Amino acid sequence: MRMAVSTNRILKVMESSQIQLLADWVKALRGTATARSSSLISDPELQAQCQELITLLSTALRNARLDAIDDPAWEPTREYLAGLSRSRGRQGFSPTETAMFVLSLKEPLFAHLRRAFAGDNEVQLLLDVWELGKLLDMLALYTTEVHQQAREEVIRRQTEEMLELSTPVIRLWDGILAMPLIGTLDSSRTQVVMESLLEQIVATRSPIAILDITGVPTVDTLTAQHLLKTVAATRLMGAECIISGIRPQIAQTIVHLGVELGDVITKASLADAFRLALKKLGHNPAQA
Amino acid sequence: MPQPRTDSEGGALRIEIAEGQDVVQVRQRAREKAQAAGFTLTEVTKIVTAASELARNTLEHGGGGWAEVGVVATGVRRGVRMVFHDEGPGIADVDQALRDGFTTGGGLGLGLGGSRRLLSELTIDSVPGRGTTIVAVRWK
């Protein structure tokens, strides 16, 4: 009941003193804004954004409760704020700055409420301020939430892109392929790695392939198993596979784990592996 | 026996293990903590590798769970303590599970035994049908 009264009173103030309210808000915003954010948004743009939000708020207040921003009547406001939050996020605003944009409406609006109902029912005025504060807090939090979501989307996309990172197969010499592996090898990427290597072995008819794991930070049993499988598959295709880039700490760890590399040829560096490969093909590395 | 206490710099935050990506997170946390405890590069690599094995076990065999990695100190000794917990089917025969080459999945069967060799202490507390908790410590 009292909330409905508050809604009407807030709405009345927003509609009757719209122009002055807008001016006060823009002034307050510019007053608190840092030089950086002023340069990111032009005055007319900021004014238009404030105007739009006031209009949307009025419309929503006319049709819905002011404490239910999940209500469909609040949808346009939420959508507008979501768009605003995303665009500001892209412009480089922090979530706090975006939330402050909404929260900064409090002061001018409270002032206008106080002026409009001065000397009136003080309890009701207090309630108006309380309800309005709650509403603006919720809307500000909503912009933060959207900001967060946008960030998470970016992270998810980047993760996917990283999975897709092509693992290049390099032709070092006639008949010698090398594949430098980088990062984690326990994901779905391993399958891609193995496939492209095998394909390239066929395409280039190379008898020797070098798998370089210098860029693989951890070799655990799963990674070792993937490597062993790749070596086995290469052999089935009639080629030989050398694993290079085994750093001392990785070697020690593999030994402690108990992984048997069997008769897999391993070398400490890609250069060593390349030299061996050249020798196997009958080239003299010293002359080559 | 004095309980190892988690010192201030090693606040053991819980990492949920629900997908493959989380194993990467556990590894990174283990690397961070091992470096903070002052381990050498080889030791850090061993700890990270063990963390990787155990986290993957939690995911693959335990159906997911959580891990905690922290720096511990008792007296002058410092180390990294890792706890892995799941509420999966549990391990029927712990000795068998620790034996090299034993696997219920398609792995090499070296993860658990290998981890024990890479670390100083590894205690497995498993109740079939209820879940498994593994406490692993590597002392300097």
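Colleague: What is the strand order in the open sheet of chain A, and how many strands are there?

Modeller: Please note that this is a predicted model. The open sheet in chain A has 5 strands in the order 1-2-3-4-5, and their pairing is mixed.

Colleague: Which strands stand at the edges?

Modeller: Strand 1 (170-173) and strand 5 (265-267) of chain A do. Each has a single partner strand, so one side of each has no neighbour in the sheet.

Colleague: By how many degrees are neighbouring strands turned against each other on average?

Modeller: The average is 30 degrees for neighbouring strands of this sheet, direction ignored.

Colleague: In which sense do strand 4 and strand 5 of chain A pair, parallel or antiparallel?

Modeller: Strand 4 (residues 240-244) and strand 5 of chain A pair in the parallel sense, over 3 bridges. Within strand 5 of chain A, Ile265(A) is the residue opposite Ile242(A).

Colleague: What does helix 10 of chain A lie across?

Modeller: Helix 10 of chain A lies across strand 3 (208-215) and strand 4 of chain A, and runs at about 155 degrees to strand 4 of chain A. Helix 12 (residues 270-280) of chain A also packs on the sheet, where it touches strand 1, strand 2 (176-182), strand 3, strand 4 and strand 5 of chain A. The direction of helix 12 makes about 175 degrees with that of strand 3 of chain A.

Colleague: Now the interface. How many residues of chain A are in contact with chain B?

Modeller: There are 18 residues of chain A in contact with 22 residues of chain B. Helix 10 (221-236) and helix 11 (248-257) of chain A each supply at least two residues of the side of chain A that touches chain B. Helix 11 of chain A gives the most to that side, with 7 residues.

Colleague: What is the make-up of that side by class?

Modeller: The side of chain A that touches chain B has 6 nonpolar, 10 polar and 2 charged residues.

Colleague: Turning to chain B, at what angle do helix 2 and helix 4 pack?

Modeller: Helix 2 (residues 41-60) and helix 4 (residues 111-118) of chain B pack at about 150 degrees, with their axes 9 Å apart. Angles over 145 degrees count as roughly antiparallel, and these two helices of chain B are therefore roughly antiparallel to each other.

Colleague: Is the crossing left-handed or right-handed?

Modeller: The crossing of helix 2 and helix 4 of chain B is left-handed.

Colleague: Which residues meet there?

Modeller: Those in helix 2 of chain B include Lys46(B), Glu53(B) and Arg56(B), and those in helix 4 of chain B include Gly111(B), Ser115(B) and Leu118(B). The residues of this contact divide into 4 nonpolar, 5 polar and 3 charged.

Definitions and conventions: Residues are numbered from 1 along each chain as its sequence is written. Chains are lettered from A and ligands numbered from 1 in the order in which they are written. This is a predicted model: local features need pLDDT of at least 70, side-chain atom pairs count only at pLDDT 80 or more; totals for chains, interfaces and linings use all residues. Two residues are in contact if their C-beta atoms, placed from the backbone, lie within 7 Å. Helices (H or I, at least four residues) and strands (E, at least two) are DSSP runs, numbered from the N terminus. Ala, Val, Leu, Ile, Met, Phe, Trp, Tyr, Cys and Pro count as nonpolar, Asp, Glu, Lys and Arg as charged, and the others, Gly among them, as polar. Axes are lines fitted to C-alpha atoms, for helices over the stretch in contact, and angles run from 0 to 180 degrees between N-to-C directions. Angles under 35 degrees count as roughly parallel, over 145 as roughly antiparallel, 65 to 115 as roughly perpendicular and the rest as oblique. A crossing is left-handed if the near helix is turned anticlockwise from the far one by less than a right angle, and right-handed if clockwise. Two strands pair if DSSP finds at least two bridges between them.
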